[in-house]
Amino acid sequence: MNFDYNTTRSELILAEYGRNVQNMVKYIITLPTKEERNKYAQAVIDLMGFLNPHLRDVADFKHKLWDHLHIISNYQIDVDSPYPKPTPETKEVKPAHIGYPQQKIKYKHYGKTVEKLIANAMEEQNPERKAAMVQGIANFMKMAYVQWNKDNVADEVILKNLSELSGGALALEENVNLQKVEFRNQNNRQNNNNRGRQNNNKNRQNNNNNNRQRNNNNNKQRH
């Protein structure tokens with residue numbers, strides 16, 4: 001008895017479409033007339049789009065499907081494609097390296113976004129709008145600091161960092177408090193929950209004791 005294993009089959013050229021699609025493409029290649037090949041090729045294109053709906057988010061996804069059809073056929077299928085037929089050489093061309101950003105961030109816990117916000121605030125000409133922008137940036141910096149360092153921070157630290165990042169150009173008005181942001185670790189939360197449960201249990205016990213005492217007093221008065 002002969003068994004059909006994947007290891008004995010031909011290699012899948014584009015595994016995301018499966019072996020059935022590859023077998024269909026092989027069958028289309030053997031069809032005698034171009035009219036038949038065009039008809040079945042369009043049906044396979046529709047099936048390929050159905051099997052990979054994420055390609056619909058890709059720009060010009062129909063073009064990509066037709067390119068994949070030619071690749072699956074090892075560039076042997078002869079059909080009237082609405083797009084230029086790809087060649088094996090184009091498959092080997094690698095895109096240019098995008099490269100990594102070389103921007104230096106002075107305070108990583110604030111990120112590059114805060115530096116851009118500060119630059120925009122420094123260019124603002126409207127005094128009222130500029131003051132509101134500085135207030136919002138400082139509040140955001142405090143939140144980012146607490147999230148990154150897992151520790152509370154004084155307003156003076158945030159104001160100092162704001163001055164450093166802006167080269168002394170931005171500052172908050174005196175007696176302005178930033179939004180209250182505190183770090184609470186998981187242990188403190190659990191302890192608070194346990195204390196709340198203990199208080200609830202004590203209250204229940206006290207209520208039960210009071211109810212028993214009232215019942216006893218009522219019984220004595222009746223007798």
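A polar contact is a pair of N or O atoms within 3.5 Å; within protein, one atom must be able to donate a hydrogen and the other to accept it, and residues adjacent in sequence count only if both atoms are side-chain atoms. The side chain of Asp 80 makes such a contact with the side chain of Lys 34, at 3.5 Å. The model is predicted: local features require pLDDT of at least 70, side-chain atom pairs count only at pLDDT 80 or more, and totals for chains, interfaces and linings use all residues. Residues are numbered from 1 along each chain as its sequence is written, and side-chain values use heavy atoms, with hydrogens and water left out.

The protein chain holds eight helices and zero strands. Helices (H or I, at least four residues) and strands (E, at least two) are DSSP runs, numbered from the N terminus. Along the sequence the pattern reads α-α-α-α-α-α-α-α. Of the 223 residues, 26% count as buried; buried means under 20% relative accessible area, exposed over 50%, and partly exposed in between (1.4 Å probe, protein chains only). The accessible surface of the protein chain comes to about 17000 Å², by the Shrake-Rupley method with a 1.4 Å probe. Carbon and sulfur atoms contribute 47% of this surface. Contact means heavy atoms within 4.5 Å. Among contacts with a separation of 6 or more, 50% link residues 24 or more positions apart.

Asp 80 lies in the loop between α3 (61-72) and α4 (88-92). Asp 80 is partly exposed, with a relative accessible area of 48%. Not counting residues up to four places away in sequence, Asp 80 touches Lys 34, Asn 38 and Trp 66. Arg 37 is 43 residues from Asp 80 in sequence, and the C-alpha to C-alpha distance is 8.7 Å.

Asn 52 counts as buried because its relative accessibility is 6%. Beyond residues up to four places away in sequence, Asn 52 touches Glu 16 and Tyr 17.

Helix α5 (residues 111-123) has the buried residues Gly 111, Val 114, Glu 115, Ile 118 and Ala 121. These residues lie on the same side of α5 because they cover an arc of only 120 degrees around the axis. The arc is that of the directions from the helix axis to the C-beta atoms. The cover over the buried residues of α5 includes α6 (127-149) and α7 (155-165). On the face of α5 turned away from the buried side are the exposed residues Thr 113, Lys 116 and Glu 123.
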